[in-house]
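Please read it alongside the sequence and the model.

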Amino acid sequence: QVQLVESGGGLVQAGGSLRLSCATSGSDFSFNDMGWYRQAQGKQRELVAAMTESGSTNYADSVKGRFTISRDNAKNTVYLQMNSLKPEDTAVYYCHAERRFMWSVADYWGQGTQVTVSS
């Protein structure tokens, strides 16, 4: 069974930095896309950043220039470096991985890690 486990969340002051990590286990295949979503209280889950296996990236406009996604394909691990954090970045951050098979697509999610940015 594929599992994604996030780490690195916590409480930080505005302007500070955090680095999230997402380790995967239970898969004997690599993931096509890996990324991060977040969900603030009372809001819908939104894409923060994603990266394809070949290294193409996609960022939410609100985090461009402040967040950097990276991945280690050999370890099936994805990271999110978050700099210049703002109170509006406060949310539960979820790791996501997608694998496209011949006839189906499988999505995997972590349990989430809380990021709180104080003003």
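Five aromatic pairs are present in this predicted model. Ring pairs join Phe29, Phe31, Phe101 and Tyr108 into a cluster.

**Aromatic cluster**

- Phe29 and Phe31 are both buried.
- Phe29 also pairs with Tyr108 in a tilted arrangement, at 6.4 Å centre to centre and with 35° between the planes.
- This second pair links distant parts of the chain, 79 residues apart: Phe29 belongs to the loop between strands E3 (18-25) and E4 (33-39), whereas Tyr108 belongs to strand E10 (residues 105-109).
- Tyr108, like Phe29, is buried.

**Arginines over aromatic rings**

- Phe101, a member of the cluster, has the charged end of Arg99 over its ring, 5.5 Å from the centre.
- Arg45 is placed over the face of Tyr94, at 3.7 Å from the ring centre.

- Arg66 is located in the loop that runs between strand E6 (57-59) and strand E7 (67-72).
- Arg66 has a relative accessible area of 10%, and it therefore counts as buried, the cut-off being under 20%.
- The side chain of Arg66 comes to 2.9 Å from the backbone oxygen of Ser84.
- Beyond its neighbours within four places in sequence, Arg66 contacts Gln81, Met82, Asn83, Ser84, Leu85, Lys86 and Asp89.

Notes. Residues are numbered from 1 along each chain as its sequence is written. This is a predicted model: local features need pLDDT of at least 70, side-chain atom pairs count only at pLDDT 80 or more; totals for chains, interfaces and linings use all residues. Side-chain values use heavy atoms; hydrogens and water are left out. Helices (H or I, at least four residues) and strands (E, at least two) are DSSP runs, numbered from the N terminus. Buried means under 20% relative accessible area, exposed over 50%, partly exposed in between (1.4 Å probe, protein chains only). A polar contact is a pair of N or O atoms within 3.5 Å; within protein, one must be able to donate a hydrogen and the other to accept it, and residues adjacent in sequence count only if both atoms are side-chain atoms. Contact means heavy atoms within 4.5 Å. Rings of Phe, Tyr and Trp (its six-membered ring) pair if their centres lie within 6.5 Å; planes under 30 degrees apart count as stacked, over 60 as edge-to-face and the rest as tilted. A charge sits over a ring if NZ of Lys or CZ of Arg is within 6 Å of the ring centre and within 35 degrees of the ring normal.
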